[in-house]
Amino acid sequence: MNKTVNQKAWFFVLPVLLLVAFNAFIPLMTVVNYSVQETFGDNTFFWAGVIWFQDVLHSERFHAALGRQLTFTFTILAIEIPLGVAIALCMPRRGIWVPVCLVTMALPLLIPWNVVGAIWNIFALPDIGLLGRTLNGLGFDYNFTRQPGDAWFTLIAMDVWHWTSLVVLLAYAGLVSIPDAFYQAARIDGASSWAIFRYIQLPKMKRVLTIAVLLRFMDSFNIYTEPSVLTGGGPGNSTTLLSIDLVKVALGQFDLGPAAAMSLIYFLIILAMSWLFYTLMMRNEDQ
Amino acid sequence: MSLELKGVTKRVGAETHIHPTDLTLEHGVFNILLGTTGSGKTTLMQLMAGLERPTEGEVWFDGADVTGMAVQKRNVSMVHQQFINYPNMSVYENIASPLRVARLSKGEITARVERMADLMKLTPMLGRRPVELSGGQQQRCAMARALVKDASLVLLDEPLANLDFKLREELRDELPRLFADRRCVVVYATTEPVEALLFAGNTATLHEGHVAQFGPTGEVYRRPRTITSAQVFSEPPMNTAPIVKEGDTFRLYDGTEWPASAAGATLADGEYVFGIRPHHVTLTPTGAHPVAIEGMVLVSELSGSETVIHFRHRAETWVSQSHGIHAVPVGEVAGLHMDVAQGLYFDRSGERIGF
């Protein structure tokens, strides 16, 4: 066999290497660089070792933000995943209503994030907003700019409104890919609708639901724009999620070192939890 | 025990999927539904099972009208072309599932599952899940699920179609054995004439939602009632051509002649359609009345130990199928022989003329 040896193949790999370098690796390394240094301005830096990491890990403020973040993420997951699956189960599988339902479902996903925040901000205003006024008219003492509980309620309602559609669309895609023969076989067996859900639909949706959980987890853990427009982290610090806190540290106080250390810890938490989710949901799964 | 369809019709919107159909299927033999994809085999089975309601007509089982009865009350089981198993249950749980629904005792379930697994050669796989099995094993698991509850109607919808050749042969041999000591009506849908001939029993030839003919398989094959029935039961397709009978000769449209005494001396003079199956058009003369014809070879291929030749015969494309392996150059004129004693004669409306 005559093999032509040349290095041309590297040129085919180069674009993706460059893309990954500029897109991920270089920005990440910049953050790593900041996280181990101290600066007093003038673009002069001093080696600081791991003190920022120690500071962040021992900081009450970070713990509180992380706690709020976890509460937020798990609350919306607990609502959006079952709700999304339930809506997908109710959607028609064929006929003229399919495109109508799909487009309606996709609409919230098409709205820019800061617009979603603005819509909900105005919608929930107690004096002029439709939601705020109605709730107060019904006798509830509702004011999301003053009461933390109301702020949380509005924040979660907004996220559910914005993102449940994604779960619906993914779950629906999983459902329509189940051949009719499965349902026929189940009917012949005399399986109940619960058994059909439990033993056919749910296992067949498992892969797309894993993707849905992962996407919703990562997105909600990173969420910034919508709560920042809606509540700006308030009242007080009651809705200051991790990303909002991070922006306050990095751009408000201009503490580059602690902010960089916080970013890395934040990133590692997301990475570790995504891996954990994926492993848990895909265990017993072959291929 | 028998299943009767009385004037069963299925329409969806403006489309008629099944034209009015009368069929009586008995237990103890294989009832075969033979037809191409889209001929209505699956729809007919769904109507038999009760998965679909007929638009008109009635379904009777064992002397009782079951038309409106839900499928889960009918004691039916079905094997589909796709391998249908519950994905997150083990093979054991899959086979046991119909028995659990029927609320049998634990001991009884275990005994029956183990017996069925033994019969289906699935015993070593009982603890695995369907994705961990090969295609053949998955389909055997689906069959075990269908057979483990003593259903009185068993519907097999092209169960072997998605399997590779070897496994198909193997399961084909096993199938009749599985039903040997059962009292149930067995319906088997297939697109392959060879499969119908192998299982014998009774065959219904289906074409575009019509049952063209129903009767003992050999009878349907040898004495098709119509040209449609003969076409459904011929693979490769039957060759057909206009023919004229005058006195005591038949004359094919290209002028080829043979004595009427070879086949239908009693037939009235006139125009007919002549049909002959590919394996009666051969490279070497066979039968009592071989008649020579010529044609330009278009395609020559080997199918197992058979040589299949597509050739141009005047304006028509004919197919010939000969035993053995022959080298026939494409583009040249080949001499072939029709065994006209095996030919079929149809009147111009497509009905076969028996003589």
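Which residues of chain B does UniProt list for "domain: ABC transporter"? The unreviewed entry lists residues 3–233 of chain B; UniProt positions are given in the numbering used here, feature names are shortened, and annotations may be inferred rather than shown by experiment.

Before selecting anything, note the ground rules. This is a predicted model, in which local features need pLDDT of at least 70 and side-chain atom pairs count only at pLDDT 80 or more, while totals for chains, interfaces and linings use all residues. Residues are numbered from 1 along each chain as its sequence is written, chains are lettered from A and ligands numbered from 1 in the order in which they are written, and side-chain values use heavy atoms, with hydrogens and water left out.

**Stop 1: the annotated spans**

Select residues 3–233 of chain B: the chain there is 35% helix and 27% strand, and the end C-alpha atoms are 23 Å apart. Helices (H or I, at least four residues) and strands (E, at least two) are DSSP runs, numbered from the N terminus.

Next select residues 66–277 of chain A, which carry the UniProt annotation "domain: ABC transmembrane type-1" from an unreviewed entry. This span is 79% helix and 0% strand, and its end C-alpha atoms lie 18 Å apart.

**Stop 2: helix H3 of chain A and its partners**

Show H3(A), residues 60–90, together with H9(A), residues 193–222. Their axes come within 10 Å and cross at roughly 145°; axes are lines fitted to C-alpha atoms, for helices over the stretch in contact, and angles run from 0 to 180 degrees between N-to-C directions. The crossing is right-handed, meaning that the near helix is turned clockwise from the far one by less than a right angle.

Residues in contact (heavy atoms within 4.5 Å) include A:Phe72, A:Ile76 and A:Glu80 in H3(A), and A:Met205, A:Arg216 and A:Phe221 in H9(A). The residues of this contact divide into 15 nonpolar, four polar and two charged. Here Ala, Val, Leu, Ile, Met, Phe, Trp, Tyr, Cys and Pro count as nonpolar, Asp, Glu, Lys and Arg as charged, and the others, Gly among them, as polar.

Among the contacting residues are A:Phe62 and A:Phe74 of H3(A), and A:Tyr266 and A:Met273 of H12(A). By class, the contact has 11 nonpolar, one polar and no charged residues.

**Stop 3: between the chains**

Show both chains: 25 residues of chain B are in contact with 20 residues of chain A. The buried area is about 1,800 Å², of which carbon and sulfur atoms give 58%; buried area is the accessible area (1.4 Å probe) that two parts lose on being put together, summed over both. On the chain B side, B:Leu51, B:Ile84 and B:Tyr86 lose the most area, together 27% of what that side buries.

One salt bridge is counted between the chains, a salt bridge being a side-chain nitrogen of Lys or Arg within 4 Å of a carboxyl oxygen of Asp or Glu. Select B:Arg145 and A:Asp189 to see it, with the closest N and O atoms 3.6 Å apart.

**Stop 4: details in chain B**

Select B:Arg11 and B:Glu56, a salt bridge with its closest N and O atoms 2.7 Å apart. B:Arg11 is in strand E1 and B:Glu56 in strand E4, 45 residues apart.

Move to B:Glu158, in the loop between strand E7 and helix H5. B:Glu158 has a positive phi of about 45° although it is not a glycine.

Finish at B:Pro236, in the loop between helix H8 and strand E11 of chain B. The peptide bond from B:Glu235 to B:Pro236 is cis, with omega near 0°.
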